[in-house]
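Welcome! Below is a friendly tour of one protein chain, taken topic by topic. Have a look at the structure first, then read on.

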Amino acid sequence: MKKLFLLVLTLIVTFGLSACGEDNDKVTITFLNGKAEAVDWVDAVILDFEAEYPNIEVVHEFNTDASNALKVKIAGDDIPDITTVYDTALMKDGYYYDLSELEVWDRIDPSIKALCTDPLTGNQYRIATNRTMAGLFYNKDIFTEVGATEPETWAEFVAVLEDVTDAGYDGLYMGGKDTWMIGHLIEFWAHGLIKQELGTVDANVAFLMNQTTLLNFDSANGPMETFAESFLELKDAGLLNDDFLTATYDNQIDAFANGDAAVISQGMWALGGILEKAPELADSIGFMPYPAMDPTKDAVILSAEDSGYAIMEASENKDAAITFLNYLFQADIQKEYSELMKSPSAFIDVIADWSPISAAVESALAKGTHIGFTATPSGFGGGEAGILVQNLYLGEYTVAEFVEEYTDSWNEAWNASN
């Protein structure tokens, strides 16, 4: 009996120590994700990953405003291990881990690597898995119905919107409640004038370093004044959707998929949602650059890195985070993601049938000057800029007051983060 007791005790202790060892060996990493279109896909990938790597648990946190959520987490000392949020001010403050030495760069298109490279240090603090484009989606059937062709100038664009609204359709439909979306109008239309004038690299440096004499936000006939006047032209002529201030991203996608809206401003990230709701619309979707609001400039189109991932410098589980990202970056998984997001892959070994409108996209890329995303100061991103556009729409600003408020807000945010 004594021997049996000792045997049971030994088994209990051994099992207990083994269990404790397993718990101690298991690592938990947190992933803050801001891409709404990929939430379910990420959850599925995590399940497969955890089955293959049972010693690593990935906690997936989605937030529609992940940029601000990251700042809150930093302030509360609850910093995630991995995030899709990349903020140049946070990079300059040393919050991101340098990913320059990872072998995955050998599989990534050099042009995408260049876009992921910080121009001030030459380091890469994020890895982008895709290339994205943003411009104006339009319904070719509606254009044909009203006898419209793809506009090339701002005056032609306004005329087309007048034709489609006269026919009972929404002209340019925007989800103004989601401020990031209307913030993009500034990023692509207003900042597009600056990016075209300076070129991609010099414009990026000008935004990063707040080179005010090059940005010319508050100049007469400058980019912000031109944008405000042109935006109000659309609003005053009834060429924006009536529910501009209350409509959401989902409302915008629904309106386009249902054939109610003739034109929307969006990126390739929205195409999957449109085709999921209306797969029969694939052959009727056109895509074009943003006609220049300044008649002396050319149309622009966003051609930039997309779906970026960064590891935070504060992470205590960098090896586990890298293991998860390497799993995520496998060619078969990235093919699936590219086709889900309707966005071409940045990986040279990934061949994906990413879009039924790829020909229209290639045509738009050939017509427009290519621009990248704006390196905005921390605290004044697309969402904050979008609030100013909301107020402009409401009539709370004159054009001059809008220009002044935008310039002051940008400078205050830049000074605070530098």
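A residue counts as buried when its relative accessible area is under 20%, as exposed when that value is over 50%, and as partly exposed in between. With 0% relative accessible area, Phe402 is therefore buried. Please keep in mind that this is a predicted model.

**How confident is the prediction?**

- The chain has an average pLDDT of 91, and 94% of its residues score at least 70.
- Residues 1-22 have a pLDDT below 50, and this stretch makes zero contacts in the model beyond near neighbours in sequence.

**Helix H2**

- Helix H2 covers residues 39-52, and its 14 residues should span 20 Å at 1.5 Å a residue; the C-alpha atoms at its ends are 20 Å apart, which agrees.
- Which residues of H2 are buried? They are Val39, Trp41, Val42, Val45, Ile46 and Phe49.
- Looking down the axis of H2, you would find these buried residues within an arc of 150 degrees, so they line one face of the helix.
- Asp40, Leu47 and Ala51 are exposed, on the face of H2 that is turned away from its buried side.
- The cover over the buried residues of H2 includes strands S1 (27-33) and S2 (56-62), together with helices H14 (318-328) and H15 (331-341).

**Helix H15**

- The buried residues in H15 are Ile333, Gln334, Tyr337, Ser338 and Met341.
- Down the axis of H15, its buried residues fall within an arc of 135 degrees, so they too line one face of their helix.
- H2 is part of what covers the buried residues of H15, and strand S4 (127-139), S8 and H14 are also included.
- Just after H15 comes Lys342, with a positive phi of about 55 degrees.

**Aromatic rings**

- How many aromatic pairs does a search of the whole structure find? The search finds 32.
- Is Tyr397 buried or exposed? At 18% relative accessibility, Tyr397 counts as buried.
- Tyr397 and Phe402 also belong to one aromatic cluster, whose other members are Phe207, Phe217, Phe227, Phe231, Phe244, Phe380, Tyr393, Tyr406 and Trp410.

**Charges over rings**

- Lys235 lies over the face of Tyr393, 5.3 Å from the centre of the ring.
- Lys318 has its charged end over the ring of Tyr97, at 5.4 Å from the ring centre.

**Positive phi angles**

- As background, most residues other than glycine have a negative phi.
- Asn210 is not a glycine, yet its phi is positive, at about 50 degrees.
- Where is Asn210? Its place is in the loop between helix H9 (200-209) and helix H10 (212-215), and it counts as buried at 12% relative accessibility.
- Asn216 is another residue other than glycine with a positive phi, near 55 degrees.
- Asn216 is in the loop between H10 and helix H11 (223-236), and it counts as partly exposed because its relative accessibility is 29%.

**A meeting across the sequence**

- Ile108 is in the loop between helix H4 (88-92) and helix H5 (110-115), and it is buried, with a relative accessible area of 4%.
- Ile108 and Ile348 are 240 residues apart in sequence, but their C-alpha atoms are 5.8 Å apart in space.
- What does Ile108 contact, leaving aside neighbours within four places in sequence? Its contacts are Lys113, Ile127, Ala128, Ala346, Phe347 and Ile348.

Notes. Residues numbered from 1 in each chain as written. Predicted model: local features only at pLDDT ≥ 70, side-chain atom pairs only at ≥ 80, totals over all residues. Heavy atoms only, no water. Helix = DSSP H or I, 4+ residues; strand = E, 2+ residues; numbered from the N terminus. Expected span 1.5 Å × (residues − 1). Buried < 20%, exposed > 50% of the residue type's maximum accessible area, 1.4 Å probe, protein only. Arc of directions from axis to C-beta. Contact = heavy atoms within 4.5 Å. Phe/Tyr/Trp six-rings, centres within 6.5 Å; stacked < 30°, edge-to-face > 60°. Lys NZ or Arg CZ within 6 Å of the ring centre and 35° of its normal. pLDDT = per-residue confidence, 0-100.
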